Amino acid sequence: MPESTSLGAVSAFAALQHGVVTRSQAAALGVNKNAVARLKVSQFWQEPIPGVLAITGAAATWHQRAFVASQALGGCPIISHEAGARLHTCEEFGSEDRVIVTVCRGQRIRGCDVVIHQVAEAVDARDIVEIDGIRCTGLARTIVDLAAIMSPARLERLVDEFERRDASLRWLGATAQRLNRPGFAGGRRVLDELARRQSRGRTLVRGSWFQKLVAECLSSPAIPDLREEFEVRSEAGELLARVDLAVPSVRLGIEAHSRRFHFGARAERLDQEREHRLAVEGWMLCYVGYADATRTPAQVRRHIEQLVRRRQLDLRAA
């Protein structure tokens, strides 16, 4: 195979791996070590770590850095912790810029900007998945690892998101139990969080973490019996809507988001249809935006208190 053809094949393959190939992959596609040396001299390729080649013109993205790190030491490192959460697109970790890897104790990665977590034993194969061609810890293992270094509130938020993905809490519990050991707090903290959830009975997981922030913002004696994930039903028992928060005694529903995030004619039509269904049953629906709830929570609380008082008066007069 002509060298130019081989080089084209390697470049096409590298495009599938964030602009990166290993020396062994290049050799399998017909580019030998002498050709690699010439391409490095011409600065077509660079070798950030031994055995891993990056096309110089390829975008130097976070994913490329993560892929390079995962190929070090013969492919031993596993992307993990906050970096693993980013690969899993967990909502709190989208801006994580560090590349974090788990390796066996005593291993080092040179020539690569990474944060290293060392463990006594290699990551179990059951805890490894591949996302965008990058080997990382599975979602359950990622949560257990993060639980050791994050606050209870952040862990609650992460497990909420885990549930919203319809992932199995049994899987998360089994992973935590398997990793629960002296000197590592992650397993025990996840087990405690799961026990707390079980103790409160079967409830629908909240639609977003922002919903919890709004619920806390609205904690007030003047807003009685505030419910989360409340199902509004007609007199005949038909489910009309599930609202983020509700004050059932005054038929007031509260949505923890802003209308400006409901883009498109279809979303607007569905919102209007739901509001019409609720209005027929005597319910009022209001919206609380993120900026309002986080920057001026007292003002939001006063506004909802006023709505509750107004609804109480209106319903008594009806």
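Predicted model: local features only at pLDDT ≥ 70, side-chain atom pairs only at ≥ 80, totals over all residues.
S9 and S10 belong to an open sheet of four strands, arranged in the order S9-S10-S11-S12 with mixed pairing. The edges of this sheet are taken by S9 and strand S12 (284-287), each of which has a single partner strand, so one side of each is left without a neighbour in the sheet. From one strand to the next, the twist averages 45°. Within the sheet, S10 and strand S11 (residues 252-255) are paired in the antiparallel sense over three bridges, and Leu 245 stands opposite Ile 254 in S11. In general, the strands of a sheet pair through backbone hydrogen bonds, in either a parallel or an antiparallel sense.

**The packing of H8 and H9**

Helix H8 (residues 169-179) and helix H9 (residues 186-199) pack at an angle of about 145°, and their axes are 8 Å apart. The crossing of these two helices, H8 and H9, is left-handed. On the side of H8 the contact is made by Leu 169, Leu 172, Gly 173, Ala 176 and Gln 177, while H9 contributes Gly 187, Val 190, Leu 191 and Leu 194.

**A hairpin and two positive phi values**

Strand S7 (residues 128-131) and strand S8 (residues 134-137) pair in the antiparallel sense over four bridges, and in S8 the bridge partner of Val 129 is Cys 136. Together S7 and S8 form a hairpin with two residues between them, and Asp 132 in the turn has a positive phi of about 55°. Gln 43 lies in the loop between helix H3 (33-41) and strand S2 (45-49). Because its relative accessibility is 60%, Gln 43 counts as exposed, whereas Asp 132, with a relative accessible area of 48%, is partly exposed.

**Leu 73 and its contacts**

Another loop residue, Leu 73, lies between helix H4 (62-70) and strand S4 (78-79). Its relative accessibility of 41% is the reason why Leu 73 counts as partly exposed. When neighbours within four places in sequence are left aside, Leu 73 is in contact with Val 103, Gln 107, Arg 108 and Ile 109. Leu 73 and Val 103 are 30 residues apart in sequence, and their C-alpha atoms are 9.4 Å apart in space.

| Residue | Relative accessibility | Class |
|---|---|---|
| Gln 43 | Gln 43: 60% | Gln 43: exposed |
| Leu 73 | Leu 73: 41% | Leu 73: partly exposed |
| Asp 132 | Asp 132: 48% | Asp 132: partly exposed |

Notes
Residues numbered from 1 in each chain as written. Heavy atoms only, no water. Axes fitted to C-alpha atoms, helices over the stretch in contact; angles between N-to-C directions. Left-handed = near helix turned anticlockwise from the far one by under 90°. Contact = heavy atoms within 4.5 Å. Buried < 20%, exposed > 50% of the residue type's maximum accessible area, 1.4 Å probe, protein only. Pairing = 2+ DSSP bridges.
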